[in-house]
There are 2 protein chains.
Amino acid sequence: MLNGLGVSSEATQRTLAAGDPLGTHRVLDPPGALPQPAERLDADASRSFETELVVDVETLNIDAASFRQMEDASGSPDGVARLVLETVARRGKQHNPVTGSGGMLLGVVRRIGSLAAHRGVAVGDRIATLASLSLTPLSLRRIVAVRPASAQIDVEGTAILFASAPLARMPTDMPERLALALLDVAGAAPQVARLAGPGDTVAVLGAGGKSGLLCAAEARRRVGRGGRVIGIEASPEFAADLRALALCDHVAVVDARDPLAVRDAVLPLTGGAGADLTLSCVNVPGVELSAIVATRDRGKTYFFAMSTSFTAAALGAEGIGKDVDLYIGNGYAHGHADHTLALVREHPALAALMSSRYG
Amino acid sequence: MLNGLGVSSEATQRTLAAGDPLGTHRVLDPPGALPQPAERLDADASRSFETELVVDVETLNIDAASFRQMEDASGSPDGVARLVLETVARRGKQHNPVTGSGGMLLGVVRRIGSLAAHRGVAVGDRIATLASLSLTPLSLRRIVAVRPASAQIDVEGTAILFASAPLARMPTDMPERLALALLDVAGAAPQVARLAGPGDTVAVLGAGGKSGLLCAAEARRRVGRGGRVIGIEASPEFAADLRALALCDHVAVVDARDPLAVRDAVLPLTGGAGADLTLSCVNVPGVELSAIVATRDRGKTYFFAMSTSFTAAALGAEGIGKDVDLYIGNGYAHGHADHTLALVREHPALAALMSSRYG
């Protein structure tokens, strides 16, 4: 006998005991969905599945675009707290219904399912989840503090991690909040490492922000002396921080939402051609075309920001006849947590700046 | 002296004579905007810019959503004609203020600027614009006919094509409607040609639809005998058409919105690993995760459909710890029109099917 998913009822029984690695056993609505697109998850940790980890949650690290939206919509930290409680109560996860994005969390392992022993953690370990909050079953007892500067929220609650959900043990050689902030954008630098090569020109939009700094640092060590790193940053303060790190060959104070200003900042530095690789790390809508016009013919444009519009990028490139490869930023890459922590350890000045801002 | 765009006045003089490749010299309101988001363009073809083409317009191929909105709002073909005349008179382009969309146009090249000689067209050539009407300067003398069945409007008018605006010479060896239907998705096959190699396994979601058929045909000739093409198609009729063309090694009738069903269809054919390249050609929301779970570790997932959600793809891959490269479908690639028309000419059975459906 088959159920709606084409799985035999016997197999379903086994799946229910173990839990599906993708977490479909926690989806309440709609049936047959995966946890991320699902409207509502079952976050009841008293029900045990053997592939799951159960975590006592201490801190939510909210996605920047999501935090900004909740701030704008509610007008205060208390308002953000209310929105988070409301979303988690309704959906069983901190999945912002407006931005579609989540974030990550920090907590302590409370229970390890019998089929999760290979995951390399022990009960009592402090871990960070690297899967998005938008697919992580979560229940909250209360909100302890909202910290807008770091887009972090201290809470008391319980989360469930599926077998497929990436996680990292917290490093002990740097402040926890700094590590969490870095792990939140751990996917960025490894992707840059794959795409940038010796001699390349790399342009980073939003280079003075969190993921932008990591991208600039990674680009610097990949392009070598023959290559160039161009930082575009709207905030004069962030641009000054960026200049002080000496990661970029050029830093321009430009609003990345203005494609003509971005073009005029990047093209003259590249003989009119554009960058080999342009990274968009700007967490506001409307920068797609700027990233595209900054890139050379047959170059690569990589969008890390969750505020990116698929259609604005696709139709923007088509409308101006720009033959570039357009990438959706994948937040996961093998070894990304270790990669990003090692990158920051290698740059004491970067670690100090990150620590002062996000630690 | 600098103007608002940070360009010297001398440079501005040069730019005005040649015309900006992006068409900013035709923007009247607001200043500094690009033509697509602009409220109003200068469509006066008596002012010459050397990078521009001037086209005598015969037919406007209105975006389906835009045409329907104008029909609903006006109640008659005459009403649609009035709305189009009104929009073009006010904005200098057929940019529907309600839907935000445009369409494309057919016409004959009247004038070629001295800096546009490389564009591969001659005065008198019949062409289709592949840039959206929402960014194409247009003036109309009169409307000749409104044809609701095809959302086409025959007109007498003049359009201006910027240096960056893609265009295609209309082929003379196939029906016009078929050619337009193919040009509408011309970007798909060339991207597949770049990403698929000999021996690869390529999975196509929505393989029986317009862009899906082109992708399957291109994949077939790229992967060779050692490779495999897997077609996923929800419609039994479209799946039968697809099977009859013998482009795919396997065709499965599966709804691509069901990631578990897609996983169960693709993984057993690939030893549990997943496809090297998965193409999403399904024009409905909610297929991002299906495309991702069908792809092997370090494989490529390419999204052609405009219904794709950036965050669903980015967070979906991250959430399940899937290390794949995610691409936004760029509708433009060099030589894409010729490439796609040649692909269809090479397959008489495909051409016949396309003609019966879309011709």
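Mentor: Happy to. Strand β9 (residues 201-205) and strand β12 (residues 275-280) of chain A run parallel and are joined by 4 bridges. Strands here are DSSP runs of E with at least two residues, helices are runs of H or I with at least four, and both are numbered from the N terminus. Two strands count as paired if DSSP finds at least two bridges between them.

Trainee: Which residue is the bridge partner of Leu205(A) in β12(A)?
Mentor: Ser280(A). Before we go on, this is a predicted model, where local features need pLDDT of at least 70, side-chain atom pairs count only at pLDDT 80 or more, and totals for chains, interfaces and linings use all residues. Residues are numbered from 1 along each chain as its sequence is written, chains are lettered from A and ligands numbered from 1 in the order in which they are written, and side-chain values use heavy atoms, leaving out hydrogens and water.

Trainee: What is the strand order in the open sheet of 12 strands?
Mentor: The order is β11(A)-β10(A)-β9(A)-β12(A)-β13(A)-β14(A)-β14(B)-β13(B)-β12(B)-β9(B)-β10(B)-β11(B), with mixed pairing. β11 (250-253) of chain A and β11 (250-253) of chain B stand at the edges with a single partner strand each, so one side of each has no neighbour in the sheet. On average, neighbouring strands of this sheet are turned by 20° against each other, direction ignored.

Trainee: And which strands does α5(A) lie across?
Mentor: α5(A) lies across β12, β13 (295-303) and β14 (325-328) of chain A, together with β13 (295-303) and β14 (325-328) of chain B. The helix runs at about 160° to β13(A); such angles go from 0 to 180 degrees between N-to-C directions, with axes fitted to C-alpha atoms, for helices over the stretch in contact.

Trainee: At what angle do α5(A) and α6(A) pack?
Mentor: About 30°, with the axes of α5 (residues 188-195) and α6 (residues 210-223) of chain A 8 Å apart. That makes α5(A) roughly parallel to α6(A), a label used for angles under 35 degrees. Ala188(A), Ala189(A), Val192(A) and Ala193(A) of α5(A) make the contact with residues of α6(A) including Leu214(A), Cys215(A) and Arg222(A), where contact means heavy atoms within 4.5 Å.

Trainee: Switching to the interface, how many residues of chain B are in contact with chain A?
Mentor: 51 residues of chain B are in contact with 56 of chain A. The two chains bury about 4,500 Å² between them, 62% of it on carbon and sulfur atoms; buried area is the accessible area (1.4 Å probe) that two parts lose on being put together, summed over both. In chain B, Phe310(B), Glu318(B) and Ile328(B) lose the most area to chain A, together 17% of what that side buries.

Trainee: What about the open sheet of 6 strands in chain B, what is its order?
Mentor: β6-β7-β3-β4-β5-β8, with antiparallel pairing. β6 (138-147) and β8 (167-169) of chain B are at the edges with a single partner strand each, so one side of each is left without a neighbour in the sheet.

Trainee: How many bridges join β3(B) to β4(B)?
Mentor: 9 bridges, between residues 53-62 and residues 103-112 of chain B. Leu53(B) stands opposite Ile112(B) in β4(B). Helix α2 (residues 64-74) of chain B lies across β3, β6 and β7 (152-161) of chain B, at about 65° to β3(B).

Conventions. Angles under 35 degrees count as roughly parallel, over 145 as roughly antiparallel, 65 to 115 as roughly perpendicular and the rest as oblique.
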